[in-house]
Amino acid sequence: MGNTVDCFSCFDVPGLVVTVKTGDTKGGGLHNKAFLTIIDEKGNRSKELCLQGCCVTVFKKGHTDTFKFCEPMKIGRFCKIEFVRRDTPDRRNYVEWFIETIEIRRYSGEADYEDFVFPCHRWIKNKHPLILRTFDSTLPQFDIETEQRETELFWKRTMYRYYRRRPGVPPQISFCPKEEVFSYNHQWDIIVRRSSLVNKYNLPDYGSEPWTTLHDFDEIFDRKFGKPAGRNFWRDDVHFARQRLCGCNPTLIRLCTKIPDKLAVTSVMVEPFLEGQTLDVALAEKRIFLVDLEILSRLKLDETRKVVSPMALFFLSPAKCYLVPIAIQLYQEKGDDNPVFLPSDPWYTWMLAKMWFNNADAQYHRSCVLLGYTHLFLEAVSIATHRQLSPSHPVFRLLAPYLRHVIPVNCFEVNELLAPGSWIDNATTLGAKGTMELIALGWKDWRMDQQGTLPADLEQRGVSDPSVLPDYPYRDDGLMLYSAINKYVMSIIEARYDKEDKLTDDYELQAWGLELVADGNPGCGIKGVPGEGRFATTEQLGQAITSILFASTVGHAAVNVSQYDEYAFLPNYPAILKGQPPRDKKWREEKEILACLPAKNICLDIIVINKLLSDRHTNGLADFHAMYQHDPVAKKAISRFLDDLKCIALTILDRNKKRQVVYEYLNPSRSSNK
């Protein structure tokens with residue numbers, strides 16, 4: 001701790017205590033001194049206070065330093081501060097210094113004091129004074145430090161620039177700015193973490209050895225990582241159906257009111273599985289559900305990579321209130337070589353059809369749902385936020401805790417996974433090139449106000465009503481969390497924009513909205529932003545921010561944390577399969593299941609990577625470790641929000657006691673941010 005004592009005795013009651021928290025960013029520390037001037041509401045200035053430590057650890061990266069001054073301040077109520085550093089000639093290499101917060105405690109008696117918080121979250125350049133207001137949360141049209149604000153945004157736009165891997169996909173950042181390089185970024189370096197895990201568990205090198213029995217997987221699970229949920233239930237049809245409701249991709253299932261013409265299902269085929277109902281009656285009573293991965297039929301892949309574009313029908317049992325699969329067709333076009341597979345088919349033939357279906361679903365999940373609609377979408381939003389919203393903007397401070405890890409995660413993890421020759425290239429059916437092509441196809445149709453807004457998405461798929469589809473954990477838990485996030489967001493937004501003209505006159509916010517929508521460079525190309533990026537009401541702004549916060553926390557947890565449980569046991573949810581998809585319904589044996597699995601070294605790599613990807617690194621919605629909002633309105637909103645999350649966590653615990661399968665992925669005490 002730095003400690004400057006500006007008084008005759010260190011036992012005197014201090015008149016002032018200044019606390020400076022240096023950010024945990026690369027190059028963020030300063031081993032020198034700084035100067036602070038306090039300004040009151042009438043513009044009166046204190047004398048310049050020198051903040052200088054007695055050892056070299058002062059202002060060390062990630063540390064908090066405290067300085068005491070016994071001389072009382074003879075000015076009025078503190079309003080803002082002017083902070084500056086003046087390096088001595090031997091300190092020229094320390095060009096900038098990153099500060100998170102400056103807090104001042106003013107004593108008027110031994111136990112009587114007042115606290116003032118000045119959030120910073122900025123780099124302090126040598127000999128460039130920075131002026132901060134209390135709470136540092138001001139709409140641009142009311143900020144008198146216009147020049148400082150505009151200069152900050154100018155430099156941010158030079159650092160946060162867009163780059164697209166290929167046309168039609170969400171933009172990413174052209175290079176990782178130093179603000180995004182934290183000392184703990186190694187936890188997202190997937191290559192380093194993989195090597196560390198392999199060494200930790202002394203994992204064998206299987207080479208290209210094939211699988212001789214499915215029990216060989218258990219040696220890895222039992223001795224190393226623990227058994228994934230999919231290992232015990234992968235053969236079960238009820239488990240296969242529940243993967244659509246609470247697996248790693250619970251976002252596709254929809255109500256089916258009419259059998260699609262391209263699906264060669266007849267009443268005679270499926271009525272043995274409808275518990276005495278006819279197909280027409282089951283459709284009319286809303287008991288038939290569909291998953292259609294038609295998007296995969298539009299891919300243009302190399303001949304060596306085989307992926308199906310399947311459809312599957314599910315029936316909701318009226319007696320037992322759970323889903324079961326009743327038909328799978330692996331391709332979109334009807335034909336003699338594209339049969340409809342049924343639960344009554346030979347055991348391993350039906351298992352093979354389910355495996356190829358899940359293989360296709362895995363490609364869509366990883367490409368679109370996880371990478372495209374979550375990681376890359378949030379990276380684009382993060383870039384636009386830095387480029388258009390000052391760190392002093394209330395919306396920036398609202399978004400910052402949930403976007404602060406997006407860019408480093410993508411730079412150190414996602415970019416490694418998508419590189420040529422990477423894990424995705426070698427251990428998934430689509431590979432890196434096919435993954436990006438599928439992201440582009442999905443991004444073309446994705447809209448923030450539909451797929452990116454949970455209530456609208458559920459309504460569009462016809463599954464919002466629990467009486468139609470009971471026990472849909474992703475929906476039931478997700479809606480509670482969506483509502484809590486929206487309530488939290490609106491409480492802050494409505495307080496900031498209590499008059500309509502405050503919203504329409506906020507030129508930074510309006511520029512941010514337009515950049516979210518713009519499909520050029522600069523621009524994110526996000527469709528369905530409320531108001532087309534021209535926010536006219538607090539409801540429009542609140543919906544956009546709620547969608548962003550939901551995607552970065554709840555949405556990400558739903559499609560990320562379950563990866564080990566689903567993908568680790570390859571027959572349950574295969575990331576890659578060998579050979580040809582089945583084109584007939586002949587008898588098959590277990591050896592043909594094993595023949596579809598990749599070599600042991602690839603399977604081990606899939607297990608290891610998915611174990612790492614499923615790890616939680618933050619506390620998700622409840623993670624306010626890095627505080628950006630300190631004003632009374634925001635602090636009350638945060639307190640109410642945390643209370644709501646505690647109630648939701650208890651509700652989920654209670655629900656899990658009654659569910660057929662425990663669903664913990666969206667528990668707010670466990671769900672993870674980026």
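I begin with E437, a residue of helix α12, residues 431-445; helices here are DSSP runs of H or I with at least four residues, numbered from the N terminus. This is a predicted model, in which local features need pLDDT of at least 70 and side-chain atom pairs count only at pLDDT 80 or more, while totals for chains, interfaces and linings use all residues. Residues are numbered from 1 along each chain as its sequence is written, and side-chain values use heavy atoms, with hydrogens and water left out.

E437 is buried, that is, under 20% relative accessible area with a 1.4 Å probe, protein chains only. Beyond four places in sequence, E437 contacts R166, R298, L299 and K300, where contact means heavy atoms within 4.5 Å.

Next, F217, in helix α3, residues 216-225. F217 has a relative accessible area of 0% and is therefore buried. Leaving out residues up to four places away in sequence, F217 touches several residues, among them W211, F569, P571 and I607.

Finally, the helix pair. Helix α2, residues 190-201, packs against helix α10, residues 406-418, at about 85 degrees, with the axes 8 Å apart. The two are therefore roughly perpendicular, the class for 65 to 115 degrees. I190, I191 and R193 of α2 meet F412, E413, E416 and L417 of α10.

Notes:
Axes fitted to C-alpha atoms, helices over the stretch in contact; angles between N-to-C directions. Parallel < 35°, antiparallel > 145°, perpendicular 65-115°, else oblique. Buried < 20%, exposed > 50% of the residue type's maximum accessible area, 1.4 Å probe, protein only. Lys, Arg positive; Asp, Glu negative; His and termini not counted. Salt bridge = Lys/Arg side-chain N within 4 Å of Asp/Glu carboxyl O.
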